[in-house]
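Good morning, and thank you for making time for this presentation.

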Amino acid sequence: MKQEKHGVLLVNLGTPDAPTSSAVKRYLKEFLSDDRVVDTSPLIWWPILNGVILPIRSPRVAKLYQSVWMDEGSPLLVYSRRQQRALAARMPNTPVELGMSYGSPSLAEAIDKLLAQGVTNLVVLPLYPQYSCSTSAAVWDGVARVLKGYRRLPSIGFIRDYAEHPAYIAALRQSVERSFAEHGQPDRLVLSFHGIPKRYARLGDDYPQRCEDTLRALVATLPLAPDRVMMTYQSRFGREPWLTPYTDETLKSLPAQGIKHIQLICPGFSADCLETLEEIKEQNREIFLKAGGEKFEYISALNDEPAHIDMMQQLVAQRF
C-alpha cells in the first residue's frame with residue numbers, strides 16, 4: 001500500500017534581498033511583471049515599468065525599506081520564517097517550507113525541498129486571509145509552473161483563503177482586545193485592507209466580499225458597537241480607481257468628525273511588512289495626527305503569535 005507523506009508549503013508575497021536600490025529594482029521588476037498583478041498589455045506596460053517606474057521608484061522604496069529593516073532582514077521574511085519554524089515545531093513529522101511568489105526563497109526552492117523529502121500530499125497555504133486574483137491566484141500559477149517540471153506529482157491541497165475561519169477571527173479578536181486593554185477603547189477601530197483596482201472586482205475577483213466577511217465576523221466578537229468599526233483600503237498604485245474608501249483620505253477626515261482616538265489593524269497582512277510598518281504605522285499615523293487626531297495605535301499583524309500558529313495548524317490538518 002502506498003505510504004502517504006504530508007508536507008506544507010507556506011507562501012507569502014516576497015521581499016527584496018536587501019534595502020538597496022538594486023535589490024528593490026530586481027524585486028519590483030519580478031513582482032510588477034506578473035500579469036496577475038498588473039494586467040496591462042506588455043506592449044504598453046513594459047516600457048513604462050522599465051523606463052519610468054523602476055528607475056524612479058526603486059531608490060525611493062529602498063529608503064523606505066531601510067527605515068523598517070530588522071537585524072535579521074526584511075520584516076516580512078523574518079516573521080514568515082518565524083511562522084514556518086513555529087508551525088514545524090507543532091508538526092514534527094511534517095516538513096514545512098516557506099516560499100515567496102517573488103524573490104527569495106522561491107517557490108521552486110521550497111517545493112524542491114519538500115518533494116526531495118518524499119512528500120506525496122502537498123498542502124499549499126497562501127498567507128492571504130482574503131482571496132484575490134492578484135495574490136492567491138498568483139500562488140496557484142507559481143506552484144503550477146514549478147510542478148510542470150516534475151514527472152511525478154504530489155496530491156495538492158490548496159487553501160484558497162480563510163477570511164472567516166473561526167481560529168483566524170479568534171486570533172484577530174485577541175490582538176484587538178489586547179490593544180483595548182493597553183490603550184483603552186478607541187473612538188474608531190479601523191480595519192485597513194490592501195486595495196486592488198475596482199476593475200478587478202468588476203471582472204469577478206471576490207476580494208472585496210471576503211474583506212467584508214472578515215469585518216462582519218470580527219465585529220460580531222468584539223466588545224465594541226458595530227458603528228465604531230470601519231473598513232478602508234490602503235496601498236493604491238497607478239491612476240485607475242481602486243477600492244474605496246482609501247485609508248489615508250479617511251484618516252485625514254476623521255478628526256473633523258470628532259474622532260480623535262483610533263486604533264488600526266491590517267487583517268489582510270499575515271506578517272508585518274513595509275505596508276504596515278512604514279505606510280500605516282508611520283505615514284498614516286502622521287496623516288491622522290496632523291489632521292487633528294490625538295491618539296493613534298497600530299495593532300501589529302498576527303505574525304508568529306501562538307493563536308496565529310494554532311490557526312495555521314488547524315487549516316493544514318484539515319487537508320490531511
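The model is predicted: local features need pLDDT of at least 70, side-chain atom pairs count only at pLDDT 80 or more, and totals for chains, interfaces and linings use all residues. Residues are numbered from 1 along each chain as its sequence is written, and side-chain values use heavy atoms, with hydrogens and water left out.

I begin with the helix pair. Two packed helices are described by the angle between their axes and the distance between the axes. Helix H6 covers residues 166–183 and helix H11 covers residues 306–317; their axes come within 9 Å and cross at roughly 175 degrees. Helices (H or I, at least four residues) and strands (E, at least two) are DSSP runs, numbered from the N terminus. Axes are lines fitted to C-alpha atoms, for helices over the stretch in contact, and angles run from 0 to 180 degrees between N-to-C directions. H6 and H11 are therefore roughly antiparallel, a term for angles over 145 degrees.

Which residues in H6 and H11 meet? On the H6 side they are Ala167, Tyr168, Ala171 and Gln174, and on the H11 side Ala307, His308, Met311 and Gln314; contact means heavy atoms within 4.5 Å. By class, this contact of H6 with H11 has five nonpolar, three polar and no charged residues. Here Ala, Val, Leu, Ile, Met, Phe, Trp, Tyr, Cys and Pro count as nonpolar, Asp, Glu, Lys and Arg as charged, and the others, Gly among them, as polar.

Ala171 of helix H6 deserves a separate word. Ala171 counts as buried because its relative accessibility is 2%; buried means under 20% relative accessible area, exposed over 50%, and partly exposed in between (1.4 Å probe, protein chains only). Not counting residues up to four places away in sequence, Ala171 touches Leu302, Ala307 and His308. Its C-alpha atom is 9.8 Å from that of Leu218, 47 residues apart along the chain.

H6 also contributes to a pocket. H6 gives five residues, the largest share, to the lining of the second largest pocket. On a 1 Å grid over the protein atoms alone, a pocket is an open set of points with protein on both sides within 12 Å along at least five of seven lines, and lining residues have an atom within 4 Å of a point. Of the 14 lining residues, the closest to the centre are Ser175, Arg178, Tyr298, Ile299 and Ser300. By class, the lining has four nonpolar, five polar and five charged residues.

Next, the backbone. A cis peptide bond joins Ser104 and Pro105, with omega about -5 degrees. The bond from Thr244 to Pro245 is likewise cis, with omega near 5 degrees, and Pro245 lies in the loop between strand E6 (229–234) and helix H9 (247–253). Ser235 is found in that loop between E6 and H9; Ser235 is not a glycine, but has a positive phi of about 65 degrees. Asn303, in the loop between E8 and H11, has a positive phi near 45 degrees and is buried, with a relative accessible area of 7%.

Leaving aside neighbours within four places in sequence, Leu289 is in contact with Glu294 and Lys295.

Terms used. Parallel < 35°, antiparallel > 145°, perpendicular 65-115°, else oblique. 1 Å grid on protein atoms, 1.4 Å probe; cavity = no way out; pocket = protein on both sides within 12 Å on 5 of 7 lines; lining within 4 Å.
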